[in-house]
Amino acid sequence: MTTAALEPRAGRRCHNMLNSLHATHYFSPDLGRELGAVGVTDPRAVNFAVRAAALGPVGAGAVTAAFYNYKYELVARHVPAVWETAAPAQVLAARARAVDATLRRLLGGEALASAEMAEAARLALRAAEACSREARPLYAAHADLPVPEEPHLAYWHAATLLREHRGDGHLTALMSAGLDGLEALVTHTATGKGMNPKWVRATRGWSREEWDAAAERLRGRGLLAASGDLTEHGVALRRDIEQETDRLDRAPYEHLGPQGVARLTELGGVFAHAALVAGAFPADLIGKGDA
């Protein structure tokens, strides 16, 4: 019996829907409230703590390596000091409470208790069965965490696993392409699909001068035009990076199969759209604008 082949970009499309819902908690007031309750009040410390907590009480070097595009000096201002305020286990528990509150606020109790949410959780967890730990520190750390019992939290957990699995592989592709963390941000922003430079510099710790220097390096390599847009060579490089990321992230979606991927993408799209309409993200988050 011949099994239908997975369309080349099917995994990417599915990931985009799942990642959209995963990312809502980073912009949620519930996250600041719950982390503030355990003593972590600086927004940057909150960001580092919630994503790195699964790794344990690691230092700035490990976080910078795993996150890739944050300036080390910014990370070092908050890590490992944040673990003296709240241990990783406390942070993970606070994050779970924040995610629960965020999803209830954005999607509503009916959606969280729906058969569709339970189905999405089952499909996403099934896909995550085929993820691999090798050279994927953030995925591997989250894979060691227990799966929550409630379907909406299980779905979010599975989305996190798939998100970090793809993300870890993406870093391999970026390194292979010769882009350092800041250059990766500049080229991604130039596609018009990434966070705008204002948001990037505010959250990643880079100065305007460092951003401009990276852009100049990219222009010297023929990847960025004087206008700030990608050159033909730059567009091709970003395309190759995404295709290599797709290749490294193919196993979970092949494991789920074309029908399962299509259904998970459909369900994920419904939840992601509902969150977007509910105001999950800042209006000026995405784009090339650099005001």
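Visitor: Is Ala135 buried or exposed?
Guide: This is a predicted model. Ala135 sits in the loop between helix H9 (115-128) and helix H10 (137-143). The cut-off for exposed is over 50% relative accessible area. Ala135 has 67%, so the residue counts as exposed.

Visitor: What is the phi of Ala135?
Guide: Most residues other than glycine have a negative phi. Ala135 is not a glycine, yet its phi is positive. The value is about 60 degrees.

Visitor: Where is Tyr68 found, and what is its phi?
Guide: Tyr68 is found in the loop between helix H4 (60-67) and H5. This residue is not a glycine either, and its phi is positive. The value is near 80 degrees.

Visitor: Does Tyr68 count as buried or exposed?
Guide: Buried means under 20% relative accessible area. Tyr68 has a relative accessibility of 16%, so it counts as buried.

Visitor: Which residues does the cis peptide bond join, and what is omega there?
Guide: Most peptide bonds are trans. The bond between Val79 and Pro80 is cis. Pro80 is found in the loop between helix H5 (72-78) and helix H6 (82-85). The bond joins Val79 and Pro80, with omega at about 10 degrees.

Visitor: How many cavities of 30 Å³ or more are there, and what volume has the largest cavity?
Guide: Rolling a probe the size of a water molecule over the atoms shows where empty space is left. The count of cavities of 30 Å³ or more comes to one. The volume of the largest cavity is about 50 Å³.

Visitor: Which elements give two or more residues to the lining of the largest cavity?
Guide: The lining residues are Leu6, Pro8, Gly11, Arg12, Arg166, Asp246, Asp249, Arg250 and Tyr253. Two elements give two or more of them: helix H1 (10-23) and helix H16 (250-256).

Visitor: How many nonpolar, polar and charged residues are in the lining of the largest cavity?
Guide: Arg12, Arg166 and Asp246 are among the residues that line the cavity. Arg and Asp count as charged, and Gly counts as polar. By class, the lining has three nonpolar, one polar and five charged residues.

Visitor: Are H2 and H7 roughly parallel or roughly antiparallel?
Guide: Helix H2 (residues 29-37) and helix H7 (residues 88-107) pack with their axes 8 Å apart. Their angle is about 150 degrees. Angles over 145 count as roughly antiparallel. H2 and H7 are therefore roughly antiparallel.

Visitor: What is the handedness with which H2 passes H7?
Guide: The two helices pack at an angle of about 150 degrees. H2 passes H7 in a crossing that is right-handed.

Visitor: What is the packing of H1 and H11, and which hand has their crossing?
Guide: H1 and helix H11 (residues 151-176) have axes 9 Å apart and an angle of about 120 degrees. The two helices are therefore oblique to each other. Their crossing is left-handed.

Visitor: How many Å apart in space are Asp284 and Ser114?
Guide: Asp284 is found in the segment after helix H17 (258-277). At 32% relative accessibility, Asp284 counts as partly exposed. Asp284 and Ser114 are 170 residues apart in sequence. C-alpha to C-alpha, the distance in space is 32 Å.

Visitor: How many Å apart in space are Ala5 and His188?
Guide: Ala5 lies in the segment before H1. Ala5 is exposed, with a relative accessible area of 68%. Ala5 and His188 are 183 residues apart in sequence. In space, C-alpha to C-alpha, they are 30 Å apart.

Key. Residues numbered from 1 in each chain as written. Predicted model: local features only at pLDDT ≥ 70, side-chain atom pairs only at ≥ 80, totals over all residues. Heavy atoms only, no water. 1 Å grid on protein atoms, 1.4 Å probe; cavity = no way out; pocket = protein on both sides within 12 Å on 5 of 7 lines; lining within 4 Å. Points joined across faces, edges and corners; volume = space filled by probe spheres on them. Helix = DSSP H or I, 4+ residues; strand = E, 2+ residues; numbered from the N terminus. Buried < 20%, exposed > 50% of the residue type's maximum accessible area, 1.4 Å probe, protein only. Axes fitted to C-alpha atoms, helices over the stretch in contact; angles between N-to-C directions. Parallel < 35°, antiparallel > 145°, perpendicular 65-115°, else oblique. Left-handed = near helix turned anticlockwise from the far one by under 90°.
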